[in-house]
Amino acid sequence: IHQGLPFQLPQNVAHFRNGDCAVIDALVDAVFRLPSGGGVPVTLVPSPPLGNPEGVVYDFEGGVVISESGAPAGDRIVRVDSLGAFSIVAQGTPFSNLEDVARIPYLTGPNVGGPGQPLVMVLRVPADAGLAYLTFASLSLYPGFGLPAPDPRGTPLNPDALFFLTVGASSAIFRNWTGALSATGLAAPILSVPNVPLPAGLTIFVQAVTLDGTAPNGIRTFANVHTIRF
């Protein structure tokens with residue numbers, strides 16, 4: 001989708017929620033935003049303040065988190081929002097030679113399923129212990145939908161028919177898809193697939209949110225997207 005300048009040593013790529021690419025370049029020491037279908041890259045953060053970026057991951061709040069390794073800026077974890085605002089998350093000890101960064105998944109479980117198989121997932125958000133949660137599914141990811149301004153966050157799931165059927169559902173098929181997290185921040189959504197023929201190549205994308213009336217638009221945390229193939 002792009003070749004040549006301004007890229008000179010692209011090290012890693014992540015996606016913003018609309019599908020655009022966040023590309024970090026360790027020679028230019030910059031992070032670029034590249035439209036999902038190709039086009040002209042835009043410099044979000046130049047050098048300085050960025051220094052020797054190595055890894056990048058989407059933060060589910062509209063921006064990306066980047067790891068920096070050694071000189072010139074030191075070992076840092078920094079955040080860049082969708083408009084290019086730069087902030088330092090952590091710096092120095094105990095970090096040394098940070099090569100990459102990842103996001104620990106909140107929602108885990110089987111990645112492969114079949115007819116008649118109950119698929120037990122684990123939603124683990126310790127910081128949101130006791131809060132209400134909603135689980136939902138979709139048949140596709142992008143472009144998703146955004147939350148009302150000025151909230152920059154958004155879920156990458158598309159609000160298709162499956163989404164509306166499953167969001168916060170409580171039935172024999174979608175069990176524990178809503179409720180409250182335990183005192184340790186755990187829940188166990190279960191997808192009980194009926195024992196019927198399924199379309200070939202069926203893929204379902206599952207996500208969850210925790211709810212907090214004091215948070216923007218009532219949503220405190222977006223879980224990662226969990227993929228199940230049948």
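Of the 230 residues of the chain, 45% count as buried. The model described here is a predicted one. Its secondary structure comprises 1 helix and 21 strands. The radius of gyration of the chain, 19 Å, is close to the 17 Å that the globule rule gives for 230 residues, and the chain is therefore as compact as a globular protein of that length. The C-alpha trace spans about 55 × 40 × 35 Å along its principal axes. With regard to contacts in the chain between residues at least 6 apart in sequence, 54% join residues at least 24 apart.

One sheet was examined strand by strand. Strands of a sheet pair through backbone hydrogen bonds, in either a parallel or an antiparallel manner. In the present case, 4 strands form an open sheet in the order β1-β2-β3-β4, and the pairing is antiparallel. The edge positions are taken by β1, residues 10-15, and by β4, residues 42-45, each of which pairs on one side only. From one strand to the next, the twist averages 30 degrees.

Strand β2 covers residues 21-25 and runs antiparallel to β1, to which 5 bridges join it.

V206 lies in strand β19, which consists of residues 203-211. Its relative accessibility is 0%, and because burial requires a value under 20%, V206 counts as buried. When neighbours within four places in sequence are left aside, the contacts of V206 are with L107, M121, T135, F136, A137, W177, N224, V225, H226 and I228. The separation between V206 and L191 was also computed: these residues are 15 apart along the chain, and 9.9 Å separates their C-alpha atoms.

Note on methods: Residues numbered from 1 in each chain as written. Predicted model: local features only at pLDDT ≥ 70, side-chain atom pairs only at ≥ 80, totals over all residues. Heavy atoms only, no water. Pairing = 2+ DSSP bridges. Helix = DSSP H or I, 4+ residues; strand = E, 2+ residues; numbered from the N terminus. Axes fitted to C-alpha atoms, helices over the stretch in contact; angles between N-to-C directions. Rg over C-alpha atoms; globule rule 2.2 N^0.38 Å. Buried < 20%, exposed > 50% of the residue type's maximum accessible area, 1.4 Å probe, protein only. Contact = heavy atoms within 4.5 Å.
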